[in-house]
Amino acid sequence: MGYSVAIVGGSGAVGKEIIPCLENRGILPVNRLRIFGSSRSAGRKVQTKFGEIEIEIFSVEAARECDVAFLAVSGDFSRENAEKICSGDDGAIVIDNSSAFRYQPEIPLVVPEINGQETKKGKLIANPNCTTAIGLMAIYPLLQKYGVKRIIMSTYQAASGAGQPGMDELLDGTKKSLEGGDWHKLEHEVFAHPLPFNVIPHIDKFQENGYTKEEMKVTWECRKICGLSDDIPISCTAVRIPTLRAHSESIVMETEKTVNVEDARSVLEKADGVQVVDDPEKSLYPMPLTATGKYDVEVGRIRKSIAFGDTGLEFFVSGDQLLRGAALNAVLIAEEMHRNGSLSTDS
């Protein structure tokens with residue numbers, strides 16, 4: 001048995017990563033792969049393990065012919081097309097990487113290692129924000145062990161969080177700076193300020209409460225995915241940094257139960273999707289440099305929190321947001337649906 005699989009936005013930064021995830025993992029049986037793109041990329045051929053694929057111009061009708069459709073597109077595109085693709089008994093399963101449906105109560109928002117059972121509840125599944133997905137890989141097993149009273153997070157997010165245009169702007173600006181240009185006055189369209197040799201504490205739009213929407217996404221999504229009540233404070237400060245790939249996060253948890261650091265390290269070592277990298281004496285800790293290209297999230301700098309004492313834990317994570325935070329998580333969702341029977345050849 002094999003599925004007909006569509007990747008919509010297959011020529012973008014996330015869409016291009018879905019293909020090797022399907023190829024390298026080999027868990028989801030693929031009978032036919034179809035890649036949909038814009039008129040600019042239509043007709044171009046892509047070599048894959050599933051054969052040579054010619055990129056097609058997207059249409060709802062063509063996507064509905066597939067069993068599962070990965071949407072690696074904008075929120076506006078998803079809002080316009082996702083429900084059309086999955087509606088009815090003959091519609092496809094849709095796994096959407098945008099933020100379009102994440103906060104609708106009836107739409108499952110899924111990290112399979114945490115709440116994979118939610119995939120049984122519908123034909124449209126939302127992929128979480130990349131920052132949330134990376135952080136929860138470490139937060140959730142600790143939450144299960146010790147409970148949680150509050151979470152404080154600071155994120156250091158790579159240019160690729162803004163897609164290929166973000167990476168291009170960083171590379172172009174860095175090159176111009178090194179060639180003698182004034183890095184204070186670089187042209188910038190993707191980011192609010194020039195990113196080379198800079199950090200920008202501004203990702204997405206500012207909200208009335210002073211947080212940005214990116215920061216509030218972490219609060220909303222952590223609660224929804226983990227089933228946390230609204231009275232558990234979750235605070236985030238999101239910062240764009242001049243790295244190409246992999247997001248990092250400093251996370252502080254105040255727990256309900258007393259935390260033993262060595263026990264917490266053991267919990268993380270046993271957790272799926274987590275690699276503990278924590279030997280400061282050998283200068284080993286999570287970094288974008290080492291997390292890039294990995295399926296697992298690196299976790300290190302694990303220590304008792306001075307702020308919260310025996311019921312506090314601090315740690316640092318790095319994860320490839322194009323993989324764990326997007327493409328890989330989407331593929332894992334499809335694999336979970338294959339296992340639990342939610343995905344079929346007549347979805």
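Helices (H or I, at least four residues) and strands (E, at least two) are DSSP runs, numbered from the N terminus. This is a predicted model, in which local features need pLDDT of at least 70 and side-chain atom pairs count only at pLDDT 80 or more, while totals for chains, interfaces and linings use all residues. Residues are numbered from 1 along each chain as its sequence is written, and side-chain values use heavy atoms, with hydrogens and water left out.

**Salt bridges**
- A search of the whole structure finds 20 salt bridges, each being a side-chain nitrogen of Lys or Arg within 4 Å of a carboxyl oxygen of Asp or Glu.
- Arg265 forms a salt bridge with Glu262, with the closest N and O atoms 2.6 Å apart; the two are 3 residues apart in helix 8 (residues 261-270) and are therefore separated by about one helical turn.
- Arg265 is buried, at a relative accessible area of 15%, where buried means under 20%, exposed over 50% and partly exposed in between (1.4 Å probe, protein chains only).
- In helix 10 (residues 323-340), Arg339 and Glu336 also lie 3 residues apart, and their salt bridge has its closest N and O atoms at 3.4 Å; Arg339 is exposed at 53%, whereas Glu336 is buried at 17%.

**Arg240**
- Arg240, in strand 10 (residues 234-240), is buried yet has no salt bridge, the nearest side chain of opposite charge being Glu214, 6.2 Å away; Lys and Arg count as positive and Asp and Glu as negative, with His and the chain ends not counted.
- The side chain of Arg240 does reach the backbone oxygen of Ala158, at 2.8 Å.

Key:
Polar contact = N/O pair within 3.5 Å; in protein donor to acceptor, adjacent residues only side chain to side chain.
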